[in-house]
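Here is a set of questions and answers for working through one protein chain.

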Amino acid sequence: MTSGAVRWMHDRGISVYAGDIGDAHPPVQGDIPGALHRLGLLRLGLLLVDGAQAEELAAVCAEQGRHTFLFVAAVPRILGTTGLPVNPLAVF
């Protein structure tokens, strides 16, 4: 993920990134190292969901002919932790 990709998400008002592409390793020459985390997460407050399994969601979207929905992910509040698992919910 490059700073240009993070800017693209910001310009479009994207607030959650759920995917399997993270920061480029090694960093892209001339770009900000760790752009997804340094810019997206820390500067823009972009919520990152790693390892999303969206196959079932994609199938329901195709079945209903719509691709907008309310995404709900409640992260447990446990002091001093990061990277907690969530059970997300898509509401149509």
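Q: Among contacts between residues at least 6 apart in sequence, what share joins residues at least 24 apart?
A: The model is predicted. Take the contacts in the protein chain between residues at least 6 apart in sequence. The share that joins residues at least 24 apart is 48%.

Q: In what pattern do the helices and strands follow along the sequence?
A: The protein chain has 3 helices and 4 strands. Its C-alpha trace spans about 45 × 35 × 20 Å along the principal axes. Read along the sequence, the pattern is α-β-α-β-α-β-β.

Q: What percentage of the 92 residues of the protein chain counts as buried?
A: Buried means under 20% relative accessible area. With that cut-off applied to the 92 residues of the protein chain, the buried part is 16%.

Q: Which residues form the largest nonpolar core?
A: In soluble globular proteins, nonpolar side chains tend to be buried together. Here the largest nonpolar core has 8 residues. H1 and H2 are the elements that give two or more residues to this core. Its members are Met 1, Val 6, Met 9, Tyr 17, Ala 35, Leu 36, Leu 46 and Leu 48.

Q: Why do the buried residues of H2 lie on the same side of the helix?
A: Helix H2 covers residues 35-43, and its buried residues are Ala 35, Leu 36 and Gly 40. They share a side of H2 because the arc they cover around the axis is only 90°.

Q: Which exposed residues does H2 carry on the face turned away from its buried side?
A: The buried residues of H2 have cover that includes helix H1 (3-11), strand S1 (16-19) and strand S2 (47-50). Turn to the face away from that buried side. The exposed residues there are Leu 42 and Arg 43.

Q: Which residues does Ala 35 contact, leaving aside neighbours within four places in sequence?
A: Ala 35 is one of the buried residues of H2. It also belongs to the largest nonpolar core. Beyond its sequence neighbours within four places, Ala 35 contacts Met 1, Thr 2, Ser 3, Val 6, Asp 23 and Gly 40.

Q: What arc do the buried residues of H1 cover around the axis?
A: The buried residues of H1 are Ser 3, Val 6 and Met 9. The arc they cover puts them on the same side of H1. That arc is only 120°.

Q: Which residues are exposed on the other side of H1?
A: The cover over the buried residues of H1 includes S1 and H2. The other side of H1 has exposed residues. They are Arg 7 and Asp 11.

Q: Which residue with a positive phi follows H1?
A: The residue that follows H1 has a phi near 70°. It is Gly 13.

Q: Are H1 and H2 roughly parallel or roughly antiparallel to each other?
A: H1 and H2 pack with their axes 9 Å apart, at an angle of about 25°. Angles under 35 degrees count as roughly parallel. H1 and H2 are therefore roughly parallel.

Q: Is the crossing of H1 and H2 left-handed or right-handed?
A: Consider how H1 passes H2. The crossing is right-handed. The contact is made by Ser 3, Val 6 and Met 9 of H1 and by Ala 35, Leu 36, Leu 39 and Gly 40 of H2.

Q: Is Gly 51 buried or exposed?
A: Gly 51 sits in the loop between S2 and helix H3 (55-64). Its C-alpha atom is 21 Å from that of Pro 33, 18 residues away along the chain. The relative accessible area of Gly 51 is 54%. The cut-off is over 50%, so Gly 51 is exposed.

Q: Which residues does Phe 92 touch, not counting those up to four places away in sequence?
A: Phe 92 lies in the segment after strand S4 (89-91). Its relative accessibility is 34%, so Phe 92 counts as partly exposed. Val 60 is 32 residues away in sequence, yet 9.5 Å away in space, C-alpha to C-alpha. Phe 92 touches Leu 57, Val 60, Cys 61, Gln 64, Arg 66, Thr 68 and Phe 69.

Q: What distance separates the C-alpha atoms of Phe 71 and Val 16?
A: Phe 71 is in strand S3 (residues 70-72). At 32% relative accessibility, Phe 71 is partly exposed. Phe 71 and Val 16 are 55 residues apart along the chain. Their C-alpha atoms are separated by 9.1 Å.

Methods. Residues are numbered from 1 along each chain as its sequence is written. This is a predicted model: local features need pLDDT of at least 70, side-chain atom pairs count only at pLDDT 80 or more; totals for chains, interfaces and linings use all residues. Side-chain values use heavy atoms; hydrogens and water are left out. Buried means under 20% relative accessible area, exposed over 50%, partly exposed in between (1.4 Å probe, protein chains only). The arc is that of the directions from the helix axis to the C-beta atoms. Contact means heavy atoms within 4.5 Å. A nonpolar core is a set of buried Ala, Val, Leu, Ile, Met, Phe, Trp, Tyr and Cys residues joined through side-chain atoms within 4.5 Å. Axes are lines fitted to C-alpha atoms, for helices over the stretch in contact, and angles run from 0 to 180 degrees between N-to-C directions. Angles under 35 degrees count as roughly parallel, over 145 as roughly antiparallel, 65 to 115 as roughly perpendicular and the rest as oblique. A crossing is left-handed if the near helix is turned anticlockwise from the far one by less than a right angle, and right-handed if clockwise.
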